[in-house]
Amino acid sequence: MNPLKKVYCRAYQICFRAALPFLPYREPKILNSMTEAAAELQRRKRSRVLIVTDASLSALGLPDGLMGALTDAGIAYSLYDRTVSNPTVQNVEEARAMYLADGCQAIIAFGGGSSIDCAKAAGARIVKPHQPVTKMRGLLKVMHRLPDLIAVPTTAGTGSETTLAAVITDPERHHKYPINDFSLIPHYAILDYHVTLGLPPHVTATTGMDALTHAVEAYIGRSTTKHTRAMAVEAVTLVRTYLKRAYDNGQDVEARQNMQRAAYCAGIAFTQSYVGYVHGVAHSLGGRYGTAHGLANAVLLPIVLEQYGERCYKRLGRLSRASGAAPENASDEEASRAFIDWIKEMNRSMNIPEHLTGIRRSDIPAMARFADTESNPLYPVPMLMDAKELETLYTLAAGELLLYSKAAGGFAPPAAFFSISAILLHQGHDGVQAVKILRQNFTGGDVDVQVVVELVYHGDDGKGVNDLSDDQVSLVFKVHVGDDVQENLQNLFFHSE
């Protein structure tokens, strides 16, 4: 990043940090049950509400308890259950239209971060009817009180029930719009662990790592307060203690309760202290490829922390010792490395991949620009990066693994490599044998470069490539390089269609 932009970013962040005590942050009022929420709506004389959720939760009947409590209290409701995993502008407009057409007076968001974000943006559009979502992007573009908003988080990770943010996707432009405004903080949050008991292990894992990412990025940033640091430490400590338990046993009530608390604390921390480049990059991946936010965060977190290096050792080391990831006598660097190693081990233990597949080299510059626009100057990160520097994070997230498969939306494989793999399979080798032979016999021409080619397919062992369809075959290249040849290899091996 050029010096002038660095000065601008840091000056912006210093001014924002100085203003923190005077900004209208608030925390939602906690409700402990659906019945309590219905009683609160009765007290406020709300006779009809809009429930925003998604089709899968609706089909499973998870909102039934909420709807029953509303009915018992004499409160009518309209159900919008078409929210997708990365909520779109269309979702927002459909929910808004239903609210207005049915004469609703409050909104209940029931679900994960997607449903809550959709409800927030719909509320913003209700009070700002002449301002499209695309014009709400950024900071403080709403500035109107939303209709009564109750958030019922069914995952333990996004923290959306506490935050001033909503992220909406424009599928036509393949971009996500972060909307940040104090009016988006829900007025109430229902923390009921019962709705999380049925979460699948993978969702438990990725949403839990999402909560961890919120807490870590908030703590190591340069705009913390005593309160946000305490919330972040509590969140990380709870994640360390209870996430794996919740993953291993979804019916573990204590673990589910404490993971809800972890998500809430992390949400409070990053609402006031913000996040960092993990989120900027993750949002761009979600906008381009629909990558699940929690998964992207889980993969990116150790990568970004390692890129920060010594710039984050002091704060990360302190967090590591405070949360029990490192002993009290560990140095900042030792504690930081122990914390990053623990994150990697958590990912491995919950079957979260080390890398993200399907990243196209040709898409990286545009995604990096989006991440740069979102992150700078707002996010008070330990080390500033511009769009060009952020491109490295996408390369590392891909792990120098390129999927060459039409079904994967990836790249066209060089013919010579494909022929080598095809011959091995036609000779009767199964997938494992093919990988071993290729590892033993194929290297690049430069002594600083070793290229390993693996054939990955989803057919029966022993089938020839010609017997497999395009969605069953993909070539994966692992490239191990020295820093001096990194750029040349990116140009050589990242082939777009």
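**Exercise 1. Describe the polar contact that the side chain of D148 makes, and the surroundings of D148.**

Solution. The side chain of D148 makes a polar contact with the side chain of R44 at 2.7 Å, where a polar contact is a pair of N or O atoms within 3.5 Å and, within protein, one must be able to donate a hydrogen and the other to accept it, while residues adjacent in sequence count only if both atoms are side-chain atoms. This is a predicted model, in which local features need pLDDT of at least 70 and side-chain atom pairs count only at pLDDT 80 or more, whereas totals for chains, interfaces and linings use all residues. Residues are numbered from 1 along each chain as its sequence is written, and side-chain values use heavy atoms, with hydrogens and water left out.

D148 counts as buried because its relative accessibility is 2%, and buried means under 20% relative accessible area, exposed over 50% and partly exposed in between, with a 1.4 Å probe and protein chains only.

Finally, leaving aside residues up to four places away in sequence, D148 touches R44, R46, Q105, A106, I107 and H187, contact meaning heavy atoms within 4.5 Å.

**Exercise 2. Work out how α7 and α12 are oriented to each other, and which residues meet.**

Solution. Begin with the geometry: helix α7 (residues 201-220) and helix α12 (residues 313-323) pack at an angle of about 130 degrees, with their axes 9 Å apart; axes are lines fitted to C-alpha atoms, for helices over the stretch in contact, and angles run from 0 to 180 degrees between N-to-C directions. The two helices are therefore oblique to each other, since angles under 35 degrees count as roughly parallel, over 145 as roughly antiparallel, 65 to 115 as roughly perpendicular and the rest as oblique.

Then list the residues: V216, Y219 and I220 in α7 meet R315, L316, R318 and L319 in α12.

**Exercise 3. State whether M350 is buried or exposed, and find what it touches.**

Solution. M350 sits in the loop between α13 and α14 (364-375), and with a relative accessible area of 1% M350 is buried. Apart from residues up to four places away in sequence, M350 touches A205, M209, L243, K244 and Y247. For Y247, which is 103 residues from M350 along the chain, the C-alpha atoms of the pair are separated by 7.3 Å.

Notes: Helices (H or I, at least four residues) and strands (E, at least two) are DSSP runs, numbered from the N terminus.
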